[in-house]
Amino acid sequence: MKALLLENIHQVAVESLEAKGYDVELLSRSLSEDELVEALPGVSLLGIRSNTTVTAKVLDSAPDLLAVGCFCIGTNQVDLAAATERGVAVFNAPYSNTRSVVELVIGEIIALARRLPEKIEKMHAGVWDKSAKGSHEVRGRTLGIVGYGNIGTQLSTVAEALGMRVVFFDTADRPAHGNARRMSTLDELLAISDVVSLHIDGRPGNAGLFGHEQFSKMKPRAMFVNAARGMVVDTESLREHILSGHIAGAAMDVFPVEPKAQGDPFESPLRGLDNVILTPHVGGSTQEAQEEIGWFVSGKLAAYALHGSTALSVNLPDVNVPELRSGHRLGFLHRNVPGVLARLNEMLAEQGDNVVQQQLATRGEVGYVVTDAAAPLSAGSLERLAASENGLWVRTWSA
């Protein structure tokens, strides 16, 4: 069994998978589509972060691939529909680096409000510029959070503890934390926020969400933070609004185009601007977060490959089964059409297979049923399932 981990995933993931019998290859960089096509035959588990894209072409070239682990929050870098159609499970870490991102954003908001980037640059140049001009406290300022999910809500709580007023906008129905207030429209939020911080996902509909129109509607001399996805912001428009003085400062941790490997050159129209913080996509890159992500995602990958559990998969039906300690297990991923479970149990009964326990879940166009039995399931049952018109795959496990 072979696992390929890319983009310098934490060593704890390597150790976790090796302890479960996997031969693990760890690379420090991402791979292109063509490189993945070459690398994946024979690989059953693939681990990536945000810079590797898993396309339908990549999945077609990986007949041995069981699962993809996104060692990060987002999964938009994986063609989830293609993965589902091919029965490849996709897992992520939706909570593990939340605190790390929040702490970075809070630090950047304070740094921008105090105009620390300029002060630091002058000090390194040997210039002593002791002045309060343009420097403000964040207490009493209004923070507008766009996207009120796991990160947005925690940021809301921490910002309130600093004395900030918090407003938020989300297309989903999210409950407010603390004294935060929901805004009915994005424009309403932009008009009253001293700081706007983005925490939305990378779905295609969010591409270019923030451009000239949105920056124009922001409060004059407001600040802007993006630690979400690079493709949601028009950086050329942001540059224009910073140069005009309408936006007082910005902090960007993500970019529309990012270097593939450590040390590669970085280009952005935001380079060289006053009171602009540029960081290399390190929102979740703390030792604590990366270790937690490494442990969490590798555990999900192993539980799926070794025991059939799809708990917290982002694309397959959620069937949370424990480690198989005795007996035998059958996993059957199929198209979600009426009567599949009835026909499955009919097949087992006809072959004399006795079911100990069974779990079924459906998600969209696919269903997944896990069946445990005390004795090995008959070859006849397995052959009939494998040949069934609605089946995507059949797998067995034995304790």
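The model is predicted, so local features need pLDDT of at least 70 and side-chain atom pairs count only at pLDDT 80 or more, while totals for chains, interfaces and linings use all residues. Residues are numbered from 1 along each chain as its sequence is written, and side-chain values use heavy atoms, leaving out hydrogens and water.

Let's start with the cysteines. A search of the whole structure finds zero disulfides, a disulfide being a pair of cysteine sulfur atoms within 2.5 Å.

Next comes the core. A nonpolar core is a set of buried Ala, Val, Leu, Ile, Met, Phe, Trp, Tyr and Cys residues joined through side-chain atoms within 4.5 Å. The largest one has 32 residues, and L5, L17, L45, F71 and Y304 have the most contacts inside it. Helix α11 gives the most to this core, with seven residues. Helices (H or I, at least four residues) and strands (E, at least two) are DSSP runs, numbered from the N terminus. Leaving aside residues up to four places away in sequence, F71 touches several residues, including L5, I293 and L301; contact means heavy atoms within 4.5 Å.

Finally, meet helix α5, residues 98-113. Among its buried residues are V101, V105 and L112. After α5 comes R115, with a positive phi near 55 degrees.

Definitions and conventions
Buried < 20%, exposed > 50% of the residue type's maximum accessible area, 1.4 Å probe, protein only.
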